[in-house]
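Me: I would like to go through this model with you, starting with its core and then turning to the backbone.
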Amino acid sequence: MRVIVAGMGVQGAKRLSAAGADAVATVDPVREDVDYKDVRDVPVDAYDAALLCIPDEPKIQLLEYLLSNRKHVLVEKPVLSTNDDDLIGLANLAEKSGTVCYTAYNHRFEPHFMRMADLIKSGRLGKIYSLRMFYGNGTARLVRDSAWRDQGAGVLPDLGSHLLDTLRFWLGQDFDARFRVRGAYRHENRSFDHVVIDTADGLAIQLEITMLSWRNHHTTDIVAAHGSAHIESLCKWGPSTFTHRTRVLPSGRPPEEAVTLVQADPTWDLEYAHFKELCAKTPGTNSLANDLWINRTLRDLAAQAGVHDLVREGADT
C-alpha cells in the first residue's frame, strides 16, 4: 500500500516511521523538507491511502476530499464537528466509495490496555463498581505558545477523547453514560488545561485530564465484585505496570498478579498494521459511529463548561 503522510509534526513523524517503505510522500504547509504543501497537490494516482496528522479544523473538509477520491484514510483523533451531519456524511461517503475511514486511537494497542480489555471480557472481575482514570502531561506551555492549539475546549477533546474511546474499548461499543463536569480550569491557558468529569448515574466513572502534570502519567483503577485491576503508566512513559488483585472474603489482603513492562511504545506500529489489514480485508468500513458518540459527549461536556465550539471558540481572541 502506498501512503502519504500529511502533517509532519510529532505525530506525523511517528506515523511516517510506522509506514516505513509504504510512505511515498510527505505533506506539510509550513515545513520545507516535505514533498508537497497541500494534500490536494499530490497526484491522486500516486497513492492509495493518507495518514492525516493535522489540526482539528480542516479534518472534515480533507476527509471529504480523500474519501471522494477513493483513498483510505487514517486520521488522528479526535474528529470533531459542531454538526452530526458532517460525520454521518463521511460514513456514507466511505461506504459508497469502498474506502476505510479509520480514526486513530493508538492507546487501544497499549499492551496493558489490551490486557485490561481481555480481563474484563473474561468475567474474572465480575460486576464493575467503579472506574477511575487519570491522564496527564506537561504540555500546557507548548499548547499556549502554539499558533492553533490553545482554543476551543482545550484538554477536554485532546486527552478526554482518548479516555472516552478507552471506555468503549473496555466496556463495549454500546457503552453509554451521562457525564457531568465537576471542574474545568484555565490555570495557564486560554482553553481548558485541567478538567474533571464523572458520571451522573449508573457505573461510577471519574476521568481527570490535565496538561499540568509535570511528569507525564496515566493511572487506571477498576474496582469490581471479585477483585480490582490497575494500570500504572504507559509504555512510552515506562515502566508500565498492570496489577490484578483477587478479592478475599469476607476480607483480607488480596493475592495479586503484576506485570511490569519496560519497552518502547509499540502502539504506532501495531495500529498501522491494523489499518493496513482493514484496507486489505474490509474496505468500506469506518469508525465514525464511535466518533459520533465521542463528539456528542464532548460537545455536551464543553457546553456544560460554557464552550460551544470544541475546535475554534476563542481562536480570534
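Me: Which residues touch the most other members of the largest nonpolar core?

Reply: In this predicted model, they are L167, W170, F179 and L207, within a core of 47 residues.

Me: Which helix gives the most to this core?

Reply: Helix α6, spanning residues 155-171, gives the most, with seven residues.

Me: And what is L207 in contact with, leaving aside its neighbours within four places in sequence?

Reply: The contacts of L207 are M133, L163, L164, L167, F179, V195, V196 and I197. Another core, of 26 residues, lies apart from the largest one; A25, I54, L66 and V79 are among its members.

Me: What is the peptide bond from L249 to P250, cis or trans?

Reply: That bond, from L249 to P250, is cis, again with omega near 0°. P250 belongs to the loop between β12 and β13 (256-261).

Me: What about phi of R70, positive or negative?

Reply: Phi of R70 is positive, near 60°, and R70 is not a glycine. R70 sits in the loop between α2 (59-68) and β4 (72-76). Most residues other than glycine have a negative phi.

Me: Is R70 buried or exposed?

Reply: R70 is exposed, at 54% relative accessible area.

Me: And S233, buried or exposed?

Reply: S233 counts as buried, at 4% relative accessibility. S233, also not a glycine, has a positive phi of about 80°, and lies in the loop between β11 and β12.

Note on methods:
Residues are numbered from 1 along each chain as its sequence is written. This is a predicted model: local features need pLDDT of at least 70, side-chain atom pairs count only at pLDDT 80 or more; totals for chains, interfaces and linings use all residues. Side-chain values use heavy atoms; hydrogens and water are left out. A nonpolar core is a set of buried Ala, Val, Leu, Ile, Met, Phe, Trp, Tyr and Cys residues joined through side-chain atoms within 4.5 Å. Buried means under 20% relative accessible area, exposed over 50%, partly exposed in between (1.4 Å probe, protein chains only). Helices (H or I, at least four residues) and strands (E, at least two) are DSSP runs, numbered from the N terminus. Contact means heavy atoms within 4.5 Å.
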